[in-house]
Amino acid sequence: MQLSEKDPADSQESDLVKKKSDWSCSLIVASLVGAFGSSFLYGYNLSVVNAPAPYIKAFYNESWERRHGHPTDPDTLTLLWSVTVSIFAIGGLVGTLMVKLIGRVLGRKYTLLVNNGFAISAALLMACSLQAGTFEMLIVGRFIMGVDGGIALSALPMYLSEISPKEIRGSLGQVTAIFICVGVFTGQVLGLPELLGKESTWPYLFGVIAVPAVVQLVSLPFLPESPRYLLLEKHDQVAAEQAFRTFLGKEDVSRELEEVLAERRVQRNVRLVSVLELLTSPFVRWQIWFYTNSIFGKAGIPPEKTPYITLSTGGIEILAAVFSGLVIERLGRRPLLIGGFGLMTLFFGILTATLTLQDHAPWVPYLSIVCILAIIASFCSGPGGIPFILTGEFFQQSQRPAAFIVAGTVNWLSNFAVGLLFPFIQKSLDTYCFLVFAAICLTGAVYFYFVLPETKNRTYAEISQAFAKRNKAFPPEEKIDLAVTDDKMIGNPEPDSSTLDSYVKNGVV
């Protein structure tokens, strides 16, 4: 009797069952709790200052007059407000630079737990600033909240990357971006005049920050530490094996354990790489919501409708980020990232045309709104979240903290630069100001087309090898892996740990 070929539908069904089995309860809880107390707060603090801006400025003016006997002049008030907004990015940079030191001592999970102390203290300072009559408390609170964001946006992606199986690493990593968008949307909703965006209740907008921090503080201790951190940095194989069992929801974790053990054997005597060493290393050289109201005003939207139009941007962000999380393991990181930059280039060009021609027809301003929403959707479907995933995937364990410092520094400095320079760019170039961003997005799309390899469903070693071929400079780990592979191919036995130790001692690593 002739055996029939396997039905493709059965194969797809088995793949679906396999994907579902990868999502254990502990993995889901860890991602949701981790993101709610980390990236959610980052997104929330990006948008929360928009709605109460007039009341905060009035509070600054009243405090100044009470102290000095006269109102503050407009330039000083503008400076104070600019500092209040931009100091969040400065705090983020400081937090990013702290991650490596804190993470080395505490690990991924306890770094997130300790980080909640920054969020709670910042919430208390900002919520009590009006009652205390001290506007400096609000500014210091924003700075501390920036420190929280800087730590969170490095520690959380590392944690999620290291606890997830490679088959769903992209989808799980996208949770970071999804909760950033949810945080932005929540800040916009709570800031509506019907809720907390009123003169008497705006301090509560900042007090809300303590809630996600407390939820994470009481939930995350019941979940394990990153198994890769336990094995590669703490050398605790028993705890790492138990962590794998908890996160993967199965007893047999030998395949995952062996993958990390192979990396540990060649990194046993390797210290964490510094930022300077990472930047100068030849085998990794390639791995390296402000002003929406004013834009809508430029598009001809009445001021009373602006908060609700801005609210739609938050909804679009969430939908686009969720869409990306659902398709990333099917389409891959590369198409979403390159496609996102390409679409942003297209819609920035159309937005420039609609803003230039907005007086020619009554429907043109609404086309501008569509372009802005399309730009946001394109950003959140790829460039907004995938860099967090790729930073965790591109680098080995010893390089990862330094890599997140570099990526975080670029992120926060870029945020600060855009927030600071956009009004001047808009004033100088008028409706053509978005061509600057179109050029940047086009450059990014072309660059990633020629440089970026696909990392979907690949192990860290396979990703490292892909970059090694591009760099034409194999990292030390790859030299040893290739030597082991060659031994296997010619029938020689695999070298034991003492042989690998000798490689280390002889300077191969």
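This is a predicted model: local features need pLDDT of at least 70, side-chain atom pairs count only at pLDDT 80 or more; totals for chains, interfaces and linings use all residues.
**Helix H4**

I began with helix H4, which covers residues 53–68 and has 16 residues. From its first C-alpha to its last I found a reach of 22 Å, close to the 22 Å expected at 1.5 Å a residue. I then listed the buried residues of H4, which are Ala53, Ile56, Phe59, Tyr60 and Ser63. They lie on the same side of H4, because they cover an arc of only 120° around the axis. On the face turned away from this buried side I noted the exposed residues Pro54 and Arg66. I also looked up what covers the buried residues of H4, and the cover includes helix H5 (74–132), helix H6 (135–163) and helix H8 (202–207). After H4 comes glycine 69, for which I recorded a positive phi, near 85°.

**Helix H5**

Leaving aside residues up to four places away in sequence, I found serine 129 touching Phe59, Thr134, Met137, Leu138 and Trp202. Phe59 is also one of the buried residues of H4. Tyrosine 110, in contrast, is partly exposed, with a relative accessible area of 41%. I found tyrosine 110 in a nonpolar surface patch of about 450 Å², together with Leu101, Val105, Leu106 and Val114.

**Salt bridges**

I looked up the salt bridges and noted nine in the structure. Glutamate 136 pairs with arginine 67, and their closest N and O atoms are 2.7 Å apart. This pair links distant parts of the chain, with glutamate 136 in helix H6 and arginine 67 in helix H4, 69 residues apart. Both partners are partly exposed: glutamate 136 at 30% relative accessible area and arginine 67 at 42%.

I then turned to glutamate 167, which forms a salt bridge with arginine 255, the closest N and O atoms being 3.8 Å apart. Here too distant parts of the chain are linked: glutamate 167 is in the loop between H6 and helix H7 (169–190), arginine 255 is in helix H12 (residues 254–267), and 88 residues separate them. Glutamate 167 counts as buried at 15% relative accessibility, whereas arginine 255 is partly exposed at 42%.

Arginine 255 forms a further salt bridge with glutamate 256, where I noted 3.1 Å between the closest N and O atoms. Glutamate 256 counts as buried, at 9% relative accessibility. Through shared partners, salt bridges join Glu167, Lys250, Arg255 and Glu256 into one network.

Note on methods. Residues are numbered from 1 along each chain as its sequence is written. Side-chain values use heavy atoms; hydrogens and water are left out. Helices (H or I, at least four residues) and strands (E, at least two) are DSSP runs, numbered from the N terminus. The expected span of a helix is 1.5 Å times one less than its number of residues. Buried means under 20% relative accessible area, exposed over 50%, partly exposed in between (1.4 Å probe, protein chains only). The arc is that of the directions from the helix axis to the C-beta atoms. Contact means heavy atoms within 4.5 Å. Patches are made of residues with over 30% relative accessible area and no salt bridge: like charges are joined within 9 Å, nonpolar side chains (Val, Leu, Ile, Met, Phe, Trp, Tyr) within 5 Å. Accessible areas come from the Shrake-Rupley method with a 1.4 Å probe; for residues, only the protein chains shown count as cover. A salt bridge is a side-chain nitrogen of Lys or Arg within 4 Å of a carboxyl oxygen of Asp or Glu.
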